[in-house]
Amino acid sequence: DETWGLGVPCVAPPSITSQPVTQTACPDGSASFAVRGAGSGPLAYQWQIQASPGVWSGLGNDPLPFACAGGGMGFAFGTPIDTPTVQIGVRACPGVNSYRVRCVVSNVCGSVTSDEATYTICRADFNCDGAANSQDFFDFIAEFFAGAPSADFNHDGVVNSQDFFDFLAAFFAGCN
């Protein structure tokens, strides 16, 4: 009454040969992160985000909700899952412009965690063209005076002068 199994031998534990690097995205965009793993195959990749200090959560195709300090919810997603290269999108908490991301690479021998990289949200890149410039200002002004929902810069449900002032503050702060 014994059960025997044949397991895959552990030849080489996972390691990371290329770390993810800091990326910047517009508020409604996403950024590409990559890691290069080595070790006995197959390797598994789990991308994670630090939504609050000390709390890391795994990303998937479905939005991962997380609580915002001061109320409200943010969310993040990563696609495709279980790959060394992923597109990460974050809908940030009010007033938060950066998050930390990392990847856990694992195989039958164990796991290793990559260095953390910063995901920065450039709120000044209103039109999501990859640069904060005068065109973003003109595009915001056009949406603002049209009363378009996209001009609700602070996401409080109304387009008003506070959105204008919040956009100006983000625009003059740039993408740093």
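Modeller: Let's start with contacts, meaning heavy atoms within 4.5 Å. Of the contacts in the protein chain with a separation of 6 or more, 51% are between residues 24 or more positions apart. Bear in mind that this is a predicted model, where local features need pLDDT of at least 70 and side-chain atom pairs count only at pLDDT 80 or more, while totals for chains, interfaces and linings use all residues. Residues are numbered from 1 along each chain as its sequence is written, and side-chain values use heavy atoms, with hydrogens and water left out.

Colleague: What makes Cys-26 and Cys-128 a disulfide?

Modeller: A disulfide is a pair of cysteine sulfur atoms within 2.5 Å. The sulfur atoms of Cys-26 and Cys-128 are 2.0 Å apart, so they form one. The torsion about their S-S bond is about 100 degrees, so this disulfide is right-handed. Cys-26 sits in the loop between β2 (23-25) and β3 (30-34), and Cys-128 in the loop between β12 (117-121) and α1 (134-146), so the pair ties together parts that are 102 residues apart in sequence. Those labels come from DSSP runs, numbered from the N terminus: helices are H or I with at least four residues, strands are E with at least two.

Colleague: Why is Cys-26 called buried?

Modeller: Buried means under 20% relative accessible area, exposed means over 50%, and partly exposed is in between (1.4 Å probe, protein chains only). Cys-26 has 8%, so it counts as buried.

Colleague: How do you know which way the disulfide of Cys-68 and Cys-93 is handed?

Modeller: Look at the torsion about the S-S bond: it's about -85 degrees, so the disulfide is left-handed. The S to S distance here is 2.0 Å. Cys-68, at 8% relative accessibility, is buried, and so is Cys-93, at 7%.

Colleague: And what makes Cys-122 and Cys-175 a disulfide?

Modeller: Their sulfur atoms are 1.6 Å apart, which is within the cut-off, so the pair qualifies. The torsion is about -40 degrees, so this disulfide is left-handed. Cys-122 lies in the loop between β12 and α1, and Cys-175 in the segment after α2 (161-173), 53 residues apart.
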